[in-house]
Amino acid sequence: MSFESTKAASRWVTRVIPVILAVAVGYATYVTVARVCVDYLIHDRQQNGSAVTVLVLYFLFMFLMIATYLRTIVTINTDPGLVPLGPLAVSRRGSRYGSDKAHRADDLEGQPYFMAPDSNPDSPGLEQFYTKDVFICETDGRPKWCSECCNWKPDRAHHSSELNRCVLRMDHYCPWAGGMVGENSFKFFVQFTTYTACYCGIVLGAAGSSLTKQMNSGDGVDGFLVGALGLGGFFGLFTFMMTITSLRYVLLNMTNVDLLGSRTKVYQLAVRIPRGSEGTDSYHVINYPLARPGSSYSTNQHNNGNGAVARVNSPNLGREARDSLAHRTFAILRTEAGENPWDLGYWENWKEVMGTNLIDWLFPIRRSPCTKHDRNESFYRMGKIVNEVRVRHGLAQEPAAGPDGLEMR
Ligand SMILES: [Zn+2]
């Protein structure tokens, strides 16, 4: 299946699914309210208390399910958490958010679209990485590069072939919600599957217990209840499994993408170390900003002991002197297989996604705290693993201040 036809198919599915869901909810409402509560519990058995309990629970979870579904759909379709395109991708695609048809035409004419990482030392966007203390990097110490978006990939961002864009903390493409679940929508998605599983549980309980009593009393079986059991069983099992899976991701601070091959996955981290430190047998270093060709510090290996690397002796050296003060050194370290740098422990992992209080957990109002990106240390909070990796490589636990004290902000 070609890329375009996959997109067309998923667009078609996206339009049909809400109709199917609406029909299913309409049917479940008719059966639960009219057949179970009014006809059976109130008229036949005079169990008004049971009927009211079922109705309250039914409409409570229906309301929460619909609210979280709408919040998920709206977030996915209006702000899925896209990484900006690089300048080259913008010009190739015609517009910043335009279709990708232009570059596919290029492909047909034999021009490869694959773009190698930008070799310009001043590549736009690089500073977002080296102004942090830790980021995910390649073996050469530069961040990961997306050849489709022509831009550097922030930690945990992945390229979505459905959107043809990189998505922050990408999780999975959800046909039920018609889009890519990522960091902006994951919390709402978890709430949606949880409430839907509860809602199906109410329908199953109400229809199932009424059906059992009808069969025991020999009243004859209501076919509508059997239909509700079938629907509730199907959607209930499906959303229950999704809920268990999603809650596991929340508690482990993982995404669907992180989990792929997670037992053998090794992350490479660029970890800030005192300015000018040199590499050792166990790691290489990289200095940022990257050296321009011909620059006097292009060897990336220098340290005169007091942190003042270059003095302004001549006008020509002015730029280098200024650069050297903004200069940061990173060690390129590797985790061991299966280590998750973002694992903060169950409780902190939960709060990073679900929020810090009961209102956040229950209602689809505020986004996950991990979407704020207001931290200087790293794109997402990182766990103890990072310090363990530092120590394993013979480094101090925390990023140390430079000898001149200027390095720490
Ligand atoms: Zn991309």
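**Figure 1. Helix α10 and the residue that follows it.** Helix α10 is followed by Gly355, whose phi is positive, near 105°; helices here are DSSP runs of H or I with at least four residues and strands are runs of E with at least two, numbered from the N terminus. This is a predicted model, in which local features need pLDDT of at least 70 and side-chain atom pairs count only at pLDDT 80 or more, while totals for chains, interfaces and linings use all residues. Residues are numbered from 1 along each chain as its sequence is written, and side-chain values use heavy atoms, with hydrogens and water left out. Within α10 (residues 346-354), the buried residues include Asn349, Trp350 and Met354, where buried means under 20% relative accessible area, exposed over 50% and partly exposed in between, with a 1.4 Å probe and protein chains only. The buried residues of α10 pack against α6 (186-217), α7 (223-252) and α11 (358-362), a contact being heavy atoms within 4.5 Å.

**Figure 2. The zinc site.** The zinc ion has as its protein donors Cys146 (SG), Cys149 (SG), His159 (ND1) and Cys166 (SG), which lie 2.1 to 2.3 Å from it. Donors are N, O and S atoms within 2.8 Å of the metal (3.2 Å for Na, K and Ca), and sites may look incomplete because water is not among the atoms. The angles among the 4 donor atoms run from 101 to 120°, and the site is tetrahedral, a label given to four donors if all angles lie between 85 and 135 degrees. Along the sequence, the donor residues follow the spacing C-x2-C-x9-H-x6-C. Because Cys149 lies in the loop between β2 (144-146) and β3 (151-153) while Cys166 is in strand β5 (residues 165-167), the pair ties together parts that are 17 residues apart in sequence. Cys149 is buried, at a relative accessible area of 1%, and Cys166 is buried with a relative accessible area of 1%.

**Figure 3. Two non-glycine residues with positive phi.** Cys150 lies in the loop between β2 and β3, and its phi is near 50°, a positive value in a residue other than glycine. Cys150 is buried, with a relative accessible area of 5%. Asn253, in the loop between α7 and α8 (256-259), has a positive phi near 55° and counts as buried at 3% relative accessibility.

Figure 4. Strand β9 (residues 284-288) is mostly covered, since 4 of its 5 residues are buried. It pairs with strand β10 (residues 328-334) in the antiparallel sense over 5 bridges, where pairing requires that DSSP finds at least two bridges between two strands. Thr329 in β10 is the bridge partner of Asn287. The peptide bond from Tyr288 to Pro289 is cis, with omega near -5°, and Pro289 lies in the loop between β9 and α9 (318-325).

Figure 5. Ile17 is placed in helix α1 (residues 3-44) and is buried, with a relative accessible area of 9%. Not counting residues up to four places away in sequence, Ile17 touches Tyr69, Pro175 and Trp176. Although Ile17 and Pro175 are 158 residues apart along the chain, their C-alpha atoms are separated by 7.8 Å.

How values were computed
Tetrahedral: all angles 85-135°; square planar, octahedral: opposite > 155°, others 65-115°.
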